[in-house]
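Reader: I am new to structure terms. Could you take me through some of them on an example?

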Amino acid sequence: TGKRAFIAGVADDQGYGWAIAKTLASAGAEILLGTWVPALNIFETSLRRGKFDESRQLPNGSLFEISKVYPLDAVFDCPEDVPDEIKNNKRYAGASAWTVTEVVDSVKKDFGSIDILVHSLANGPEVSKPLLETSRKGYLAASSASAYSHVSLLRHFAPIMNQGKCGSVISLTYMASEKTIPGYGGGMSSAKAALESDTRVLAFEAGRKYKIRVNTISAGPLKSRAAKAIGFIEKMIDYSKANSPLQRDLEADDIGNAATFLASPLASAISGTVFYVDNGLHTMGMAL
Ligand code: NAI
């Protein structure tokens, strides 16, 4: 309650970022979103036209408020990093100040500080290719968008995160980092392994320097826009339901609830963890 959250990686109402925003709002947090520049127009238009009103409903019947939507491309840290092909791309034309440092500056100017940072974004241009067939360019792109983006957001937001209430950073990872998931390719499995390792190191560094907690949620499969791009999300969902200890449908709200717990004082002593929210699937070594 009374906290402000910045959630990076929301461009519709189908993914984990949206569910986390909704649950945090329901718990009383103020919500700021970071939306990928090429997806910004359609997201803001849909929001304005009420397309998301049904999924904006909180248990008490009111619609949760989004204080501000910031354009963001977490692959770039400052304007000097942006190549001409992106600068001149018409999908970026209408927006400005969307590199990580510029977004942090804008949030600082608009709101002063935040308490909670959520990283709910990933991109792997070659995700549908096996690792064995992934190019260097595709591998590094997956790593930049899905792992370094977390380091960069934390690095630049940390100085404006409230230490008194114990700031909290949460990201989303997937079990393909530690067990082979055939089809989760393009270096995305490598990027998730980096994200999980970085969670431990950043928990130490940001814990000592800023008293900030850093955790990642290893989530089970959800049919989000990003997951559909992988190409076999239905199979992942069916497998998970059939083989997990709990054999129940995994809802985006399950992840929203876990994130809200991790962001709350109830989790004051939890940092550097990979927190599984997957109906227990990660424990299984043999399907039964
Ligand atoms: P989503 O499509 O709702 O979220 C991904 C977001 O990342 C999109 O809004 C996209 O516009 C944004 N994005 C991509 N590149 C970006 C960039 N350079 N800068 C800023 N934003 C960028 O999909 P989902 O699945 O909810 O993904 C959220 C997180 O959850 C990701 O880290 C994903 O790997 C993770 N996750 C998803 C699982 C699933 O089955 N859906 C399972 C486990 C983890």
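Predicted model: local features only at pLDDT ≥ 70, side-chain atom pairs only at ≥ 80, totals over all residues.

Reader: What makes the rings of phenylalanine 6 and phenylalanine 157 a tilted pair?

Author: Rings of Phe, Tyr and Trp (its six-membered ring) pair if their centres lie within 6.5 Å; planes under 30 degrees apart are stacked, over 60 edge-to-face, the rest tilted. By this rule there are nine aromatic pairs. Here the centres are 4.8 Å apart and the planes stand at 40°, so the pair is tilted.

Reader: Which parts does this pair tie together?

Author: Phenylalanine 6 lies in strand S1 (residues 4–8) and phenylalanine 157 in helix H5 (residues 136–157), so the pair ties together parts 151 residues apart in sequence. Helices (H or I, at least four residues) and strands (E, at least two) are DSSP runs, numbered from the N terminus.

Reader: Why is phenylalanine 6 called buried?

Author: Buried means under 20% relative accessible area, exposed over 50%, and partly exposed in between (1.4 Å probe, protein chains only). Phenylalanine 6 has 0% relative accessibility, so it counts as buried. Phenylalanine 157 is buried too, with a relative accessible area of 0%.

Reader: What makes tryptophan 18 and phenylalanine 52 a tilted pair?

Author: Their ring centres are 5.4 Å apart and their planes are at 55°, so this pair is tilted. Tryptophan 18 lies in helix H1 (residues 16–26), and phenylalanine 52 in the loop between helix H2 (37–48) and strand S3 (68–72), so parts 34 residues apart in sequence are tied together. Both tryptophan 18 and phenylalanine 52 are buried. One aromatic cluster is formed by Trp18, Phe43, Phe52 and Phe64.

Reader: How do you know that strand S2 and S3 pair?

Author: Two strands pair if DSSP finds at least two bridges between them. Strand S2 (residues 30–36) and S3 have five bridges, in the parallel sense. Tryptophan 36 has leucine 72 in S3 as its bridge partner.

Reader: Why is S3 called mostly covered?

Author: Four of the five residues of S3 are buried.

Reader: What divides the lining of the second largest pocket into nonpolar, polar and charged?

Author: Ala, Val, Leu, Ile, Met, Phe, Trp, Tyr, Cys and Pro count as nonpolar, Asp, Glu, Lys and Arg as charged, and the others, Gly among them, as polar. The lining residues divide into 13 nonpolar, six polar and three charged.

Key:
Residues numbered from 1 in each chain as written. Heavy atoms only, no water.
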